[in-house]
Amino acid sequence: MIPADVPLSHLGPSVLLLLQLLLPPASAFFPNIWSLLAAPGSITHQDLTEEAALNVTLHLFLEQPPPGRPPLHLEDFLGRTLLADDLFAAYFGTGSPSRRFRAALGEVSRANAAQDFLPTSKNDPDLHFDAERLGQGRTRLVEALRETVAAAKALDYTLARQRLGAALHALQDFYSHSNWVELGKQQPHPHLLWPRQELRSLAQVGDPTCSDCEELSCPGNLLGFTLLTSGYFGTHPSKPPGKCSHGGHFDQSSSQPPRGGINKDSTSPGFSPHHMLHPQAAKLALLASIQAFNLLRSRLGDRGFSRLLDITPASSLSFVLDTTGSMGEEINAAKIQARHIVEQRRGTPMEPTHYVLVPFHDPGFGPVFTTSDPDNFWQQLNEMHALGGGDEPEMCLSALELALLHTPPLSDIFVFTDASPKDAFLTNRVESLTQERRCRVTFLVTEDPSRAQGRARREVLSPLRFEPYEAVALASGGEVIFTEDQYIRDVAAIVGDSIADLVTLPLEPRVVVAERPLVFRVDGLLQNVTVRIHGEVSSFWIRNPAGVSQSQEEGEGPLGHTRRFGRFWMVSMNDPPQSGTWEIQVTAKGTPRVRVQAQTSLDFLFHFGIPMEDGPHPGLYPLTQPVAGLQTQLLVEVTGLGSRGNPGGPLPHFSHVILRGVPQGAELGQVPLEPRGPPERGLLAASLPPTLLSTSGPFSLELVGQDGVGRGLHRAAPQPCAVVPVLLELSGPPGFLAPGTTAPLSLRIASFSGPQDLHLRTSAKPNFALTSNLSSYSEPVAEARWWHPLPRVHLEQNESASGRLWLEVPDTAASDSVVMVTVTAKNGEPSTMPPTHAFLRLLVRAPAPQDQLPASAYSTDPVLNTSHPAFHFSTLVTQGEAGGELAGHPWWITFGVMLLLLGLGP
């Protein structure tokens, strides 16, 4: 490893040799790997971002030996493709899941790629170092890095990753869009990341830079000079005489003399006139990206940097606690489980990295308490007691919404209560937020008639009053467990089990049917299989593939250990479980619930994407949920391939995906999965036929394939999906909100599947004032203090509407506090389609002197292969055609800082 104090200008051929190991022989840059259908062999923004992050993560691992494990050695990684799974296995131990780390990298990569798709950023020359706006581009780049640091220090890592993605995109574009490579430079620009250093030798407005080139490939079109320049793209700003264009089929400026261009985005001459220099530009962009990551590591410290990229196999721990007088036992149960988790996992790789605690009662909820210190969390939890008073129902969903706002993605949240929700009108919004955050919610409800005197009830309560909890649990992939006061401590033990990265195994059929066994499949990569049965059960048995059975008797049996806590049964199967088809037969009153979970490192992440094939930057634009009427791709990233137990052997692979209706489990269809990129990266894609996306209810995803020796594999997504009826976009200003200011927000909504009569509503958490240039309409009185009403909107197929909002930030707004703005579009007519929600995260930060980013204290060499939105005032009116040439003119992607469905978050 090259010492950290060696200047970049002194780095010699060894760096380039290591980069040759890193880059494929065919070697930004197109947005993501899905762009490679247009230019095979190109290095993309996604490649550069992920490889830089992996390099810096390996440096961190090399410099910080793992506790209780032998140190890593650089030579063990040379000559190999650097993979997250391999890094985690080497540092944390075999089988340590890299899922959260890869999800965090995905957030950064998608935010990076989004800069090429968002109308608020894709044509802004300052964000791409175009049009010789090099000084302005450096200013915006450094601003984005400062915003990354500020958001991370405020513990808003979702926003920090978004700003980091934007910064890396601009930084990488500098080496592809400028002539730095053509000037013969072998190292990154020494002053690009340090704003106090002046950018020198810049071409001026009157300096000719390019000669005319009528061919696709233009290797000699730059004039003989030593000044730094970059190409003009499109018509704004217009290209002065004698200046270079960006170039490529879709650059309108490249048809004006001098024709041609100088971009090195890809290996294709049709897109990149200087395609022959693409590998050199990619090498320097990678080095510069490593510099940027190391700057952040210097500023945040190793702990903060690890949180930024979620460099841990551990989950967070989030509790939402009812603190009314009847909740003494439940609060004690939460304390016992939290203490157990803290003590058992302290100092191990599985120690939680983030703790969240939100109390609620009636009429209040909160405040939220967040920390990374287990002792602080325990102290705060230990000071929480049942307060007395209060009546049912309670403000449970408001507290849960607050917890979701502060809980990292891919986390479990546990709600302890004995009351139904008073704020049931938040159900749809909380459902959508759990899916946007990819968080699983488990409700532990102690509904004990013997304790009725502990609560006052001002009305007769419906037996269906817990249905909002059921809906949220179903949408998030969690569950509602009803128990009694005497068993809550034992049932609460599932908290520790659930944060151990369990997968839920699909059951066939999905619900218990009289005299028909439930079937599930176990493969050789599963361990710690647990069967949970909940209900008025009279008997059950479990049978393994060899025909060995075990009934409901408590204690040790031939297959595992059975425990019973009132209506809740838990069977922990012996390890290793036999591979093959297992059966469960349950006899019960009513409809019991059965859930089978297991621990494994082989899992998958997924999102959806819209093809963008005809523009200057082809690729797939990511969405969290599919939109009715839009051509949609399913994008899958398999995790844990490097922890499969047979290194060097054949890789597991998934061949197709099954879509099933939820909750009944009827099969809607099967779609083949096509690999994208090297097999070890585990990237797969599937084109979803419109007929599969015509379902009005939620659906689940199941991946089916084989392990390395031909045995069956079956994995289910932890949460169901839903096709939303409209595309709803909400964008805000770049940077942060200052106390005492008003922030402009932009709203747009589009329909691609037929006429829509929609009701629009907005809200802000905290309850900041929202105003608009739109007329209001009446709202139910019970919801008036929660929602800011907007007009009803009628849209025909392929029509859109837009408007503008203003968020008023009070002088008293706390610095480093998170604001969540929500817009909801709900069909005005009776419909089975769910409402569509747009969530916008913003950070309040008081103005302060701009800090300088320090020079990196870490090595910047790779070790191996591996905005200002253009707001337009308008009223909410129908505008033009929303359909037509979607891929060529994606007018509808105006997401600005953040978006409803865009997977810039998990």
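Tutor: Strand β26 (residues 726-731) is mostly covered, with 6 of its 6 residues buried. Buried here means under 20% relative accessible area, exposed means over 50%, and partly exposed lies in between (1.4 Å probe, protein chains only). Strands (E, at least two residues) and helices (H or I, at least four) are DSSP runs, numbered from the N terminus. This is a predicted model, in which local features need pLDDT of at least 70 and side-chain atom pairs count only at pLDDT 80 or more, while totals for chains, interfaces and linings use all residues. Residues are numbered from 1 along each chain as its sequence is written, and side-chain values use heavy atoms, with hydrogens and water left out.

From β26, Val726, Leu728 and Leu730 point one way, while Leu727, Glu729 and Ser731 point the other way; all are buried. β26 pairs with strand β27 (residues 742-751) in the antiparallel sense over 6 bridges; pairing requires that DSSP finds at least two bridges between two strands. Leucine 728 has isoleucine 749 of β27 as its bridge partner.

As for the aromatic contacts, rings of Phe, Tyr and Trp (its six-membered ring) pair if their centres lie within 6.5 Å; planes under 30 degrees apart count as stacked, over 60 as edge-to-face and the rest as tilted. By this rule there are 22 aromatic pairs. Phenylalanine 61 and phenylalanine 92 form an edge-to-face pair, 5.7 Å centre to centre with 85° between the planes. Phenylalanine 61 lies in helix α2 (residues 45-63) and phenylalanine 92 in helix α3 (residues 84-92), so the pair ties together parts that are 31 residues apart in sequence. Both phenylalanine 61 and phenylalanine 92 are buried.
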